[in-house]
Amino acid sequence: MPPRSAEASRKTKETDISVSVHVDGSGKSDITTGVGFFDHMLDQLSRHSLIDMTVKAKGDLHIDDHHTVEDTGIALGQALAKALGERRGIMRYASIDLAMDETLTRAAIDVSGRPFLVWNVAFSSPKIGTFDTELVREFFQALAQNAGITLHVTNHYGANNHHIAETCFKAVARALRFALESDPRQPDAVPSTKGSLKG
């Protein structure tokens, strides 16, 4: 499998974002978005997917965190799509139930080329510190849409909102790790009867 690395950038009147990904990495990250909790979540995404990530984002945080979080998801998704190319030789599908203390969350992924998000996660508070909990969904919507993946995330149960958010990121990370692994039985094939995973 050729090296799977790519960069993407997004510059608007609201944000200025540059990202790079190396899919076959070791989970190293260099992340600065200006949103502390979001940096922590992206670090978890990198660490548990083993995708090396660099994310540099400047956004209109004097308004709120929304544009920065959403546009980071867009740029990361675009970089991931570029890095995967034809998606040749990947396992394609994966799912995991991930536990963290009192919380259990499932993520299921199809690296299909067809973007779709099913989100069954509820938070009991609108904030985790100063971070809007609704932005967790916004990030994964942007990531799935731009990476071209079908993503289902379900929180089975949990009491602590930080844990619920963190299990979402960790579960998606682990599912990505397994879905993007090389399939030793068909390392050069596109895993689709269509012969394409371009949507």
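Colleague: Is Arg-87 buried or exposed?

Modeller: This is a predicted model, where local features need pLDDT of at least 70, side-chain atom pairs count only at pLDDT 80 or more, and totals for chains, interfaces and linings use all residues. Residues are numbered from 1 along each chain as its sequence is written, and side-chain values use heavy atoms, without hydrogens and water. Buried means under 20% relative accessible area, exposed over 50%, partly exposed in between (1.4 Å probe, protein chains only). Arg-87 has a relative accessible area of 5%, so Arg-87 is buried.

Colleague: What is the phi of Arg-87?

Modeller: Most residues other than glycine have a negative phi. Arg-87 sits in the loop between α2 and β5 (93–100); helices (H or I, at least four residues) and strands (E, at least two) are DSSP runs numbered from the N terminus. Arg-87 is not a glycine, yet its phi is positive, at about 65°.

Colleague: Which loop holds Leu-50?

Modeller: Leu-50 also has a positive phi, near 65°, and is not a glycine. Its loop runs between α1 and β4 (52–59).

Colleague: Which residue takes a positive phi just after α3?

Modeller: Buried residues of α3 include Phe-139, Phe-140 and Leu-143. Just past the helix, phi is about 75° at Gly-148.
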